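Thanks for making the time this morning. I would like to walk through one model slowly, defining the terms as they come up.

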Amino acid sequence: MTIKQFEKFLEVRGLKKYFEAGRPTLFSREKSLIHAVDGVDLNLRRSEIIALVGESGCGKSTLGLLLMGLESPTDGKVIFEDRDITHLNDDQRKDLRRKIQMVFQDPYESLNPTQTIEQILTEPLLVHHIGEHDQERSERVIKAMEDAGLKPADVYLQRYPHELSGGQRQRVVIAAALVLEPEIIIADEPVSMLDVSIRAEVINLLADLRIKREIAVIFITHDLGSVGFFADRVAVMYLGRIVEIGAMLEVLEKPQHPYTKALLSVIPAPNPRLRHERIILQGDPPNPINIPSGCRFHPRCPAAFDMCKLSDPPMMTLTKSHKAACLLISSGK
Amino acid sequence: MESFGFIIPQKRYPLDRTRAILRKTAWAIFTIIFVIILNFFLFRVLPGDPARAGVRDPRLKKEAIEALQIKFGLDKPVINCFETLNPIKVGSCTVNPMETQFFIYVRNLLQGELGISYHTNRPVAEILAQRLGNTILLIGAGQILSIIIGVVFGIFAAWKARTAIDYGALAVSLMAWSLPTFWLAILLLFWGSAIGLPVAGKATPGMSSMPIFAQWADIAKHMFLPTLTYTIIYMGEYTLIMRSSLMDVLSEDYILTAKAKGLNAVQILRDHALKNAMLPMVTVIAINLGFTVAGAIQIETVFSWPGLGSSVAEAVERRDFPVLQGAFLLIAVTVILANLLADLTYTYLDPRVEVE
């Protein structure tokens, strides 16, 4: 398969999504807004794996939905294969759905309980009019299942989701994404509901798919430790914005943003001798309705100084493959 | 990545499903047998002399009472010589179980006989059969209409959740649901009589000589008001349940997944949401269908509709125990069968329903 070269594979520019959150008080005129995603820039290359890391409520899932077109952004642009896909109608979006697929967090919720595995996996093909006849569709389904690690496929075809284990279900979800032969898979915490023993298998599966099918993966997670090792790049998100992004080893070994440092310090180490001091963040958990002034991390930042309250730090380039948004970098501290 | 140590799921159907159906059916039969027994004793422990109920004349002679008791089989012991259960016993106390009231009752029941009405002297089975037909006609029409309207309203409300359409449907349903049945019936009765609709009975007297289509048209006219009342009362309930059930389903991840796969709104609704949203509806419909036979006592009474509900009301007034006993049995059996039907529909609709 020859891959057409595009200048931009997937590019996100200044993407914003605000949700209305009612009025702060009964008599207020203005409605308060939840700043779920607040100006995200991101560049995904073909068959690249990016781990998008951040705590609950930092907007990482919303970013996934925006990229899928399941939510409409307030502002900003999404460009896919040199084409602006920020605002598309349903018909235009439908072709795109083939190329960008999503894997949700909870494999117990994301499969229709009244459909058999075969129905679940065949449906996307029928919707997109792929395959001339049943035979061809069935071959595609079996191939996707085997790529997703459901072997032998015919054992599973007539099963219902409730008859499978969590890991098997998540494989079905992945197979359902693969059957359309996408170019990007957005995986929203795909392993957080699974047993620890199954997690590595599913992560390895996604890593394998990148090699076998040249699929790019955006891996959304709150657990830096479990995914760091297989991603090409790591993007750390805080309160709707990416605060540090870079090649996986650079970020893990030389984190620059205090928030990344804190995230890394709390990853449990199996060897107690190697344990180091943990950075426990102080202060209130972030409130996406009232974004703090200046640097949005300053109220919880252990290294904050006066300037942080006033000035919102821009993204600083550290090396060719490492960027972070922190005033400590520019001030040279 | 060849082997994951998976436990490959075992084949479950169709043997287990057949077994589940058989077990549920067996339970239903067992329950019916229990109801038959309970139904008999329920009316035997009630105070009052059944034989006197038919003829309410205190001057009734002893011989006449005895004759009535023999006629209705009340001279025989209930099940044995329990005096308390059989306060007015005329004949000698035989211990032959086949000659007791209970076994005669069971034997008659197996032959399809439900006894003779104290009041009209007609066989109860005949009375009930005639009334049942009328009730099924009225309530059946009302149920079908209210289910269709309720489901359609519910779908619209859920699909347009938190818009004017939704709030409108919600307000109408809540109001319809909380209206007192008899009050709405009387209101519609006034309105109907003002515009010249028939307000009582099932047919205009003397219609039987008319051609068959004219008779049907006449029945349809008579049915209009009670059916309308019934539809309004039940429509609200169905709308509310359909709405909330569909809203639940629409917030599920597999709906979002379907959207991400490229399905359009109609496909999502048709192929994913409705089947799952109908599950709670099946339960409610089955429960309501069970009570269909009981009739809407209030509606039938207001519109003098000759259905089962009004026959129960009349039988209570007249202490016509055989009719009540027969009606109770019929109602109980329908409720049990409707529940069985709901169970079976469920096993068909929802593969998760476990065999346990």
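This is a predicted model: local features need pLDDT of at least 70, side-chain atom pairs count only at pLDDT 80 or more; totals for chains, interfaces and linings use all residues.

Let me begin with B:Gly326, which counts as buried because it has 26 C-beta neighbours inside 10 Å; a residue is called buried if 20 or more other C-beta atoms lie within 10 Å of its own, exposed if 12 or fewer, and partly exposed in between, with the C-beta atoms placed from the backbone. Residues are numbered from 1 along each chain as its sequence is written, and chains are lettered from A and ligands numbered from 1 in the order in which they are written.

B:Gly326 lies in helix H13 of chain B, residues 321-349, where helices (H or I, at least four residues) and strands (E, at least two) are DSSP runs numbered from the N terminus. Leaving aside neighbours within four places in sequence, B:Gly326 is in contact with B:Leu114, B:Gly115, B:Val124, B:Ala125 and B:Leu128, contact being a matter of two C-beta atoms, placed from the backbone, lying within 7 Å.

A second residue of chain B is B:Ile297, in helix H11, residues 297-302. With 18 C-beta neighbours inside 10 Å, B:Ile297 counts as partly exposed. Its C-alpha atom is separated by 4.3 Å from that of B:Gly309, although the two residues are 12 residues apart along the chain, and B:Gly309 is also one of the contacts of B:Ile297 once neighbours within four places in sequence are left aside, the others being B:Ser310, B:Val312 and B:Ala313.

Now to helix packing. Two packed helices are described by the angle between their axes and the distance between the axes. In chain B, the axes of helix H8 (residues 212-250) and H10 come within 8 Å and cross at roughly 150°; axes here are lines fitted to C-alpha atoms, for helices over the stretch in contact, and angles run from 0 to 180 degrees between N-to-C directions. H8(B) and H10(B) are therefore roughly antiparallel to each other, the word used for angles over 145 degrees. Residues meeting across this pair include B:Tyr234 and B:Leu250 in H8(B), and B:Ala273 and B:Asn288 in H10(B). By class, the contact has 11 nonpolar, three polar and no charged residues, where Ala, Val, Leu, Ile, Met, Phe, Trp, Tyr, Cys and Pro count as nonpolar, Asp, Glu, Lys and Arg as charged, and the others, Gly among them, as polar.

Stepping back, the domain assignment of chain B, which is automatic or from a database, gives domain 1 (15-110) and domain 2 (124-349). Their contact takes 15 residues from domain 1 and 16 residues from domain 2, and on the domain 1 side the largest share, 12 residues, comes from H1(B).

Which elements of chain B give two or more residues to the side that touches chain A? In total, 24 residues of chain B are in contact with 31 residues of chain A, and the elements in question are helix H9 (253-261) and helix H10 (265-290) of chain B. The largest share of that side, seven residues, comes from H9(B), and the side divides into 11 nonpolar, six polar and seven charged residues.

Note on methods. Angles under 35 degrees count as roughly parallel, over 145 as roughly antiparallel, 65 to 115 as roughly perpendicular and the rest as oblique.
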